[in-house]
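Hi,

Here is the structure I promised to pass on. Have a look, and my notes follow below.

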Amino acid sequence: MINKQYDVSCGARAGAGAGAGAKAVYSFQHKTKKVVLCCDVKMGKVAVGAAVVCAAACAAAAMVVRRRTKGSGKWGRAEALVRELEEQCGTPIAKLRQVADAMEVEMHAGLASQAPTRLQMLITFVHNLPSGDEKGLYYALDLGGTNFRTLRVHLGGKEKGVVKLESEEVSIPPQLMTGSSQELFDFIAAQLAKFVSSEPEELHPPPGRQRELGFTFSFPVKQTSIASGNLIKWTKGFNIEDVVGQDVVGELTKALQRIGLDMRVAALVNDTVGTVARARFSDQDVIAGVILGTGTNAAYVESAHAIPKWQGLLPKSGEMVINMEWGNFSSSHLPLTEYDQALDADSLNPGEQIFEKIISGMYLGDIVRRVLLKMAEEADFFGDTVPPKLRIPFILRTPDMSKMHHDTTPDLKEVGKKLKDILEINNTSLKMRKIVVEVCEIVAARGARLSAAGVFGILKKIGRDKVKAGEKQKSVVALDGGLFEHYTKFRSSLESTIKVLLGDEAAETVSIEHFNDGSGIGAALLAASNSHYLGLQES
Ligand code: ADP
Ligand code: MG
């Protein structure tokens with residue numbers, strides 16, 4: 001079935017764009033945001049809620065389109081490209097079940113093997129999740145992919161919950177993402193020192209007591225204890241070679257010493273694990289945490305008996321939080337296209353993080369851009385010439401895609417504005433704008449539905465996908481991340497797809513809940529439960 005002729009021009013184009021791509025992604029404004037708010041622990045629940053693409057197959061598909069559309073008009077050719085995209089991105093429920101099954105198989109493999117596996121299923125050393133009793137003042141650092149946050153969290157136990165949360169957020173300066181370890185960690189330490197200096201006097205620790213910190217570091221780390229771990233690899237556009245293989249807590253601690261800040265890193269936490277911890281603080285039915293932000297990942301609570309590679313003592317709780325690193329999932333069942341193949345080839349980590357590259361906020365906008373570029377090139381979609389801006393990798397960001405996708409004006413004014421402002425494409429017709437929205441819909445729906453399949457895979461792995469006779473055990477999956485939070489259509493597609501996958505009866509026992517600030521607050525909570533001063537905590 002597969003046409004063996006390979007579209008060489010596609011590969012060549014991909015290669016040429018690589019350097020520009022890396023630069024363009026990070027041309028964000030360096031900004032500072034401050035947030036101070038008080039919140040109750042009982043946060044309102046939000047209602048419900050490979051393989052690298054086979055080059056030959058993609059090229060074959062592209063050739064089919066070209067053949068099929070040759071001679072037809074501009075609209076016909078554009079329409080054919082969109083239909084082709086729709087077909088290739090298709091995620092019927094049967095396919096999603098295959099994806100979930102493949103995810104479950106990879107989970108088993110990763111839990112069994114010490115050797116690198118597709119899903120790393122990293123042991124986090126988090127086996128005592130918050131009970132809700134945690135009290136005191138703790139700091140957290142949250143290094144994600146786009147933003148860097150410092151948090152001061154005042155915990156008030158079961159009665160008071162999170163008494164006060166203060167946080168400060170800055171965009172990570174682009175040059176730091178590919179610079180040196182010392183530059184990155186000195187920047188982090190300096191931001192933290194500045195933030196600590198704003199601590200009200202009445203909250204200062206008593207003499208002799210160190211401030212304690214939870215460090216959310218959202219990249220794959222092989223932990224060696226709750227407060228140490230070596231970076232396995234960078235993702236999401238970071239590439240600082242001298243950190244790979246190093247203990248990131250050691251690097252941070254050295255930077256804190258250089259700047260003279262007396263603070264102990266009490267917990268090293270992945271953002272997904274932080275989200276599980278944050279959610280457990282409020283709801284003991286939480287079994288997993290999923291991040292959909294710049295990147296994507298998931299963590300869940302596994303029975304310690306089900307982790308063959310765990311060689312330590314059996315934890316008292318009988319549980320261990322596993323950081324799946326599901327962004328690196330891949331399967332022949334994933335619906336991949338030539339656009340994904342080119343995006344992957346142009347990326348800083350070709351062949352890796354394939355699931356992430358079709359789901360997460362860093363990439364969705366750029367997939368749409370690639371489709372529009374092809375339509376411009378092959379169907380003169382935007383006129384006789386290809387709009388030059390359309391060739392700039394990552395110029396169309398996911399928040400802009402989301403804005404276009406949610407445009408409710410009758411003449412799709414927002415879409416027209418985005419095309420004009422970002423891509424310098426003027427005078428678009430309503431018909432054109434409708435097609436652009438359709439492309440956004442196809443790309444977003446694929447991402448959302450595959451995310452749902454991933455969640456369903458976790459539920460299957462731990463036996464929470466079905467209602468056991470006479471039992472209605474609740475399962476809560478905590479979600480966080482800018483993509484989930486702000487991309488409404490993505491989120492509702494994810495939520496409705498999980499329900500369909502579960503079926504009516506099981507869907508009643510599973511809920512998806514948004515825990516804002518989960519990763520940062522969770523790190524502070526884990527610092528509290530791993531404090532040197534346990535038992536001495538103030539209210
Ligand atoms: P990080 O993943 O870097 O820790 P966030 O969870 O805040 O940070 O996610 C930020 C990402 O979320 C952005 O890079 C972007 O891809 C996505 N995002 C932010 N706002 C929106 C929006 N309005 N619509 C769609 N995606 C968004
Ligand atoms: Mg984050």
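Which residues come nearest to ligand 1? Of the 16 residues around this ligand, they are Gly145, Thr146, Thr294, Gly361 and Gly482; a residue is near a molecule if one of its heavy atoms lies within 4 Å of it.

Before the rest, some housekeeping. This is a predicted model, in which local features need pLDDT of at least 70 and side-chain atom pairs count only at pLDDT 80 or more, while totals for chains, interfaces and linings use all residues. Residues are numbered from 1 along each chain as its sequence is written, chains are lettered from A and ligands numbered from 1 in the order in which they are written, and side-chain values use heavy atoms, with hydrogens and water left out.

**Around the ligand**

Ligand 1 has polar contacts (pairs of N or O atoms within 3.5 Å) with several residues, among them these:

- A polar backbone atom of Thr146 is 2.7 Å from an oxygen atom of ligand 1.
- Thr294 has a polar side-chain atom 2.8 Å from an oxygen atom of the ligand.
- Ser402 places a polar side-chain atom 3.4 Å from a nitrogen atom of the ligand.

Taken alone, ligand 1 exposes 570 Å², and the protein buries 77% of that (areas by the Shrake-Rupley method with a 1.4 Å probe). Two helices, α13 (398-405) and α16 (482-486), each give two or more residues to the shell; helices here are DSSP runs of H or I, at least four residues. By class, the shell has four nonpolar, twelve polar and no charged residues, with Gly counted as polar.

**Aromatic pairs**

The count comes to 15 aromatic pairs, meaning rings of Phe, Tyr and Trp (its six-membered ring) with centres within 6.5 Å; planes under 30 degrees apart are stacked, over 60 edge-to-face and the rest tilted. Trp75 and Phe381 are edge-to-face because their planes stand at 90°, with the centres 5.8 Å apart. Trp75 lies in helix α4 (residues 74-88) and Phe381 in the loop between α12 (364-379) and α13, so this pair ties together parts that are 306 residues apart in sequence. Trp75 is partly exposed at 29% relative accessibility, whereas Phe381 is buried at 0% (buried is under 20%, exposed over 50%, partly exposed in between, with a 1.4 Å probe and protein chains only).

Trp326 and Phe355 also pair edge-to-face, at 5.5 Å centre to centre and 90° between the planes. Both Trp326 and Phe355 are buried. Elsewhere, ring pairs link Phe215, Phe217, Phe219, Trp234 and Phe238 into a cluster.

Best wishes

Definitions and conventions: A polar contact is a pair of N or O atoms within 3.5 Å; within protein, one must be able to donate a hydrogen and the other to accept it, and residues adjacent in sequence count only if both atoms are side-chain atoms.
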